[in-house]
Amino acid sequence: MESQIINKAIKVQIVKGINSPSSWLKACALIALALTFSPVFSEPLATPDIDDIEYPEDEAPNQMEVELGKILFFDPILSANNQMSCATCHDPNNGFGDGLKLSIGHDDKPLTRHTPHLYNLAWAHSLFWDGRAPSLEHQVLMPVFDPSEMNLSQKQMLERIELSPFYKTQFNRVFQQDNIDTHLVSLAIAAFMRSIISSNSPFDQYLAGDTNAISTEAVSGLKLFEGKAKCVECHDGANLTDGSYHSLGIARSDKGRGFVINDDSMNFRFKTPGLRNVSLTAPYMHDGSIADLEGVIRFYNDGGGTGPNKDNLMEELNLTEGEIRDLIAFLAALTQPISIARPSVPNNFTTDPSIQKKD
């Protein structure tokens, strides 16, 4: 339990500036406060504030950079077989997921984890279910270079982009330099991903004072979310995630965070996903093992799974059927679909016929 409290306190300050001595001091104070006065340290539910987004070098990208990243996101040039793009698994028409329990890799084999959504990652300080990427700039190209996912090497990627007259022109226009490198590619894609923001759901309108924005069932669900159902103990703050790692008793072989940081105490723990647009992002959990929101709530109501290293937070909730319905109503009130038109990707010509685009 103490490790969970400490994770929550550390998340508030250290992840925002791990090299800052003042942040370390604030984090230590929060840890002491959390351990002394509260069994669980939770941030209040709120509407995301764009002023809290931390951009590389504290400078927001311009719209040209976002648009370039958007085109790259949808361009299958970034996959070895020229058939997959980032949007293959993160489809905006499917809640920025793919609706599959486990996504399919470049070799038509299922991957080992469920594809997470991309909503409001502008505020995230760690990425992937196991948190192995500390920023979007680190994360965006890892699936591209992963042999089981898009299977493209860094060298191949840069060669393809350099051979595209469109990308040569656009990268020069956006970054004012002729040499295209991996850093610039990651900056562009990350800029687009930071633009995928949901901050005006019915719940946000309710927080702003419109008491009619959500149903009476959703209001009851909100009270349950913050109270009896204990959801807020992990799903807190503006994006309804503590940014920390928990074991729900699901994983038995995938060690998750523990494997990344070589810490057995964190085995079988996975990052808490944000709940913005959660009604659009089924199925659920790191392994896609629960098909719908009702199933998720019933899973928690039963106290979770029976796997190893399960959180002490996981216990039976004794929710009634009506309370389960009210919770679903509240989660639905977090919905603000993000409509993104698919861009036209360029005709990428190359001297290598093996990587020509297929009709």
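Tutor: Start with pLDDT, the predictor's confidence in each residue, from 0 to 100. What you see is a predicted model, so local features need pLDDT of at least 70 and side-chain atom pairs count only at pLDDT 80 or more, while totals for chains, interfaces and linings use all residues. Residues are numbered from 1 along each chain as its sequence is written, and side-chain values use heavy atoms, with hydrogens and water left out.

Student: What is the mean pLDDT of the protein?

Tutor: The mean is 89, and 85% of the residues reach 70 or more. Over residues 28–39, though, the pLDDT is below 50, and that stretch has 15 contacts (heavy atoms within 4.5 Å) beyond near neighbours in sequence. Residues 349–359 stay under 50 too, and there the model has 17 contacts beyond four places in sequence.

Student: How many helices and strands are there in the protein?

Tutor: Both are DSSP runs, numbered from the N terminus: helices are H or I with at least four residues, strands are E with at least two. Here you get 14 helices and two strands. Now take contacts between residues at least 6 apart in sequence: 67% of them join residues at least 24 apart.

Student: How many of the 359 residues count as buried?

Tutor: Buried means under 20% relative accessible area, exposed over 50%, and partly exposed in between, with a 1.4 Å probe and protein chains only. In this protein, 51% of the 359 residues are buried.

Student: How many residues does the largest nonpolar core have?

Tutor: A nonpolar core is a set of buried Ala, Val, Leu, Ile, Met, Phe, Trp, Tyr and Cys residues joined through side-chain atoms within 4.5 Å. The largest one has 44 residues, and Phe 171 and Val 185 make the most contacts inside it. At least two residues each come from H3 (63–74), H4 (86–89), H7 (154–162), H8 (165–175) and H9 (182–194). H9 gives the most, nine residues. Another core, of 31 residues, lies apart from this one; Val 219, Val 232, Leu 248 and Ile 250 are among its members.

Student: Which residues is Phe 171 in contact with?

Tutor: Leave aside neighbours within four places in sequence, and the partners of Phe 171 are Leu 68, Leu 72, Ile 161, Gln 176, Gln 177, Ile 180, Leu 184 and Val 185.

Student: Which residues of helix H11 are buried?

Tutor: H11 covers residues 216–226, and its buried residues are Ala 218, Val 219, Gly 221, Leu 222, Leu 224 and Phe 225. They pack against H10 (202–207) and H14 (321–332).

Student: Where is Gly 249 found?

Tutor: Look in the loop between strand E1 (245–246) and helix H12 (257–261). Gly 249 counts as buried because its relative accessibility is 5%. Beyond residues up to four places away in sequence, Gly 249 touches Gly 305, Thr 306, Gly 307 and Lys 310. From Gly 249 to Asn 309 is 60 residues in sequence, yet 7.2 Å in space, C-alpha to C-alpha.

Student: Is the peptide bond from Ala 282 to Pro 283 cis or trans?

Tutor: That bond is cis, with omega near -5°. You'll find Pro 283 in the loop between strand E2 (270–271) and helix H13 (293–301).

Student: Which phi does Asn 120 have?

Tutor: Asn 120 isn't a glycine, but its phi is positive, about 60°. Asn 120 sits in the loop between H4 and H5 (136–139), and it is buried, with a relative accessible area of 4%. Phe 128 is found in the loop between H4 and H5. Its phi is positive as well, near 75°, and Phe 128 is buried at 18%.
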